[in-house]
Amino acid sequence: PIYLDNNATTPMDPRVLEAMIPYFTQKFGNAASRNHPFGWAAEEGVDYAREQVAKLIGANEKEIIFTSGATEANNLALKGVFEMYKDKGNHIITCTTEHKAVLDACKHIEKLGAEVTYLQVKSDGLIDLQELENAITDKTILVAIMYGNNEIGVIQPIKEISAIAHKRGALFFTDATQAVGKIPVDVNADGIDLMSFSAHKMYGPKGVGALYVRRKNPRVKVTAQMDGGGHERGMRSGTLNVPGIVGFGKACELCQLEMAEESKRLSALRDKLESSLTTLEESYVNGNREYRLPHVANISFKYVEGEGLMMAMKDMAVSSGSACTSASLEPSYVLKSLGLSDDLAHSSIRFGLGRFTTEEEVDFAIEQTKKAVNHLRDLSPLWEM
Ligand code: PMP
């Protein structure tokens, strides 16, 4: 099958693999071994990668805390900020379309005394800035709103959100896992205090990511969630995943060099896919079409049964609006948050294009999807067009 699920994960760029290989065998040292050249070589690799990662987001390398991925970075940000600042206030604001790693970390700290406001989104997936303003109180320590959504690609008004948070003395955290490497993200221009992202969404390896933690204006601290040898400025102990970090660094460098071209190419392909598939009657693009990532299209096909659609599309690796939770098909909570009915949420497909997606693959996807939708509608008693 052709791969159109680049929001779930991306294939690793061969140039990333090449950069990593020496760090498995020759340069295998522990980056924390300060007394011999094996350690120094590993440390050098990590230092260089830290610069590459920091540069992509306009940060200082001292502000990068390496983690095992964005799930861990989200947990560290939410739990770590709550633990560090809870004497200042216990209120946190997030929204209903966040990734589970944010929502479930919020649920966790609620049990520890946090009060969390979950902002609804509008039908286009964007939050209402007025509602955010209204939700902030003197007890609000953190506003946590994602950069780009993983299901619909919608990009939130990050600068405006951070300005509102800061005006009221709250910190601003964003899960930018889907945005970093795809669109320009600059922690200073965007007013970001903490930000999570992950290598495997940007053609790097799985199992490595980072939390950006601001060091100036203001100096932000998080309480470690992993205690031990005091790595990563005490915020995340554990021997560093040196090959993974080196690969993450290389992936960031490549994104920085190629992002502008790549996003132009992918948004053109995405537009072609969307305009072809919306020639089908009763098909709807989900999410705001202006403020969104260049490589994602989420489309609902009314009167098409979701499971049948996935089955009929077996030559394509795509993602559906149904999440398999404990063997039952639940409609996507993100699409439900936009106000979609269960049926329409079930009948949606996320196409995630990527660096290695070709025009031929997109053409194939268009043809196969049209065929599947038409076929399933012919079988459907609800379809009488
Ligand atoms: N946040 C978002 C928005 C994501 O899309 C993902 C990956 N599905 C994660 C967090 C989790 O990232 P990781 O796989 O690196 O833990």
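This is a predicted model: local features need pLDDT of at least 70, side-chain atom pairs count only at pLDDT 80 or more; totals for chains, interfaces and linings use all residues.

**Stop 1: the annotated lysine**

Select K201. An unreviewed UniProt entry places the feature "modified residue: N6-(pyridoxal phosphate)lysine" here. To see where you are in the fold, colour β7 (194-198) and β8 (209-213): K201 sits in the loop between these two strands.

Is K201 buried or exposed? A residue counts as buried when 20 or more other C-beta atoms lie within 10 Å of its own. K201 has 27 C-beta neighbours inside 10 Å, so K201 is buried.

**Stop 2: strand β10**

Next, select residues 296-301, which form strand β10. This strand is mostly covered, with 6 of its 6 residues buried. Show the side chains and look at both faces: V296, N298 and S300 point one way, while A297, I299 and F301 point the other way. Both sets are buried.

**Stop 3: the partners of β10**

Which strands pair with β10? Start with β9, residues 283-285, which pairs with β10 in the antiparallel sense over 3 bridges. Zoom in on Y284 to find it opposite S300 of β10.

Then select β15, residues 348-352. Its pairing with β10 is also antiparallel, over 5 bridges. To finish, pick A297 and look for its bridge partner in β15, which is F351.

Technical notes. Residues are numbered from 1 along each chain as its sequence is written. UniProt positions are given in the numbering used here, feature names are shortened, and annotations may be inferred rather than shown by experiment. Helices (H or I, at least four residues) and strands (E, at least two) are DSSP runs, numbered from the N terminus. A residue is buried if 20 or more other C-beta atoms lie within 10 Å of its own, exposed if 12 or fewer, and partly exposed in between; C-beta atoms are placed from the backbone. Two strands pair if DSSP finds at least two bridges between them.
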